[in-house]
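Please look over the sequence and the model shown below before reading on.

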Amino acid sequence: MTFQEMAVSAKPAAEVSIDRALVRELICAQASQWSGRTLTYLATGWDNEVYRLGDDLLV
């Protein structure tokens with residue numbers, strides 16, 4: 001096994017599932033001034049999700 005293969009296999013699974021409903025809930029609870037903005041999925045990382053909020057913000 002190469003070093004790269006070991007590094008990839010050593011990553012733990014995500015502890016929290018992040019979906020659009022959770023992101024919307026957090027925005028409404030913590031930043032209600034932006035709760036009416038469109039929420040669009042962009043990408044998944046190893047331990048994160050990226051959503052566009054309106055035309056000028058990322059979550």
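**Briefing on the predicted model**

Among contacts in the protein (heavy atoms within 4.5 Å) between residues at least 6 apart in sequence, 19% join residues at least 24 apart. This is a predicted model, in which local features need pLDDT of at least 70 and side-chain atom pairs count only at pLDDT 80 or more, while totals for chains, interfaces and linings use all residues. Residues are numbered from 1 along each chain as its sequence is written, and side-chain values use heavy atoms, with hydrogens and water left out.

**Overall make-up**

- The protein has two helices and three strands, taken as DSSP runs numbered from the N terminus (helices are H or I with at least four residues, strands are E with at least two), and from the N terminus on these elements run in the order α-α-β-β-β.
- The protein exposes about 4800 Å², of which carbon and sulfur atoms supply 56%; accessible areas come from the Shrake-Rupley method with a 1.4 Å probe, and for residues only the protein chains shown count as cover.

**The sheet**

- The three strands form an open sheet in the order β1-β2-β3 with antiparallel pairing, and its edge strands are β1 and β3, each of which pairs on one side only.
- Two strands are said to pair if DSSP finds at least two bridges between them; β1 and β2 pair in the antiparallel sense over five bridges, and they form a hairpin with four residues between them.
- Within that pairing, Leu39 stands opposite Leu53 in β2, and Tyr41 stands opposite Tyr51 in β2.
- Two bridges join β2 to the antiparallel strand β3 (residues 57-58), with Arg52 opposite Leu58 in β3.
- The hairpin of β2 and β3 has three residues between the strands, and Gly54 in its turn has a positive phi of about 70°.

**Helix, core and loop**

- Helix α2 lies across β1 and β2 and runs at about 125° to β1, where axes are lines fitted to C-alpha atoms (for helices over the stretch in contact) and angles run from 0 to 180 degrees between N-to-C directions.
- The largest nonpolar core has five residues, namely Val23, Ile27, Leu39, Tyr51 and Leu53, and α2 and β2 each supply at least two residues of this core; such a core is a set of buried Ala, Val, Leu, Ile, Met, Phe, Trp, Tyr and Cys residues joined through side-chain atoms within 4.5 Å.
- Glu15 lies in the loop between α1 (3-9) and α2 (20-30) and is exposed, with a relative accessible area of 82%; the C-alpha atoms of Glu15 and Asp47, 32 residues apart along the chain, are separated by 8.6 Å.

**The aromatic pair**

- A search of the whole structure finds one aromatic pair, which is formed by Tyr41 and Tyr51 and is edge-to-face, at 5.6 Å centre to centre with 75° between the planes.
- Rings of Phe, Tyr and Trp (its six-membered ring) pair if their centres lie within 6.5 Å, and planes under 30 degrees apart count as stacked, over 60 as edge-to-face and the rest as tilted.
- Tyr41 lies in strand β1 (residues 39-44) and Tyr51 in strand β2 (residues 49-53), so the pair ties together parts that are 10 residues apart in sequence.
- Tyr41 is partly exposed at 43% relative accessible area, whereas Tyr51 counts as buried at 5% relative accessibility.

Technical notes
Buried means under 20% relative accessible area, exposed over 50%, partly exposed in between (1.4 Å probe, protein chains only).
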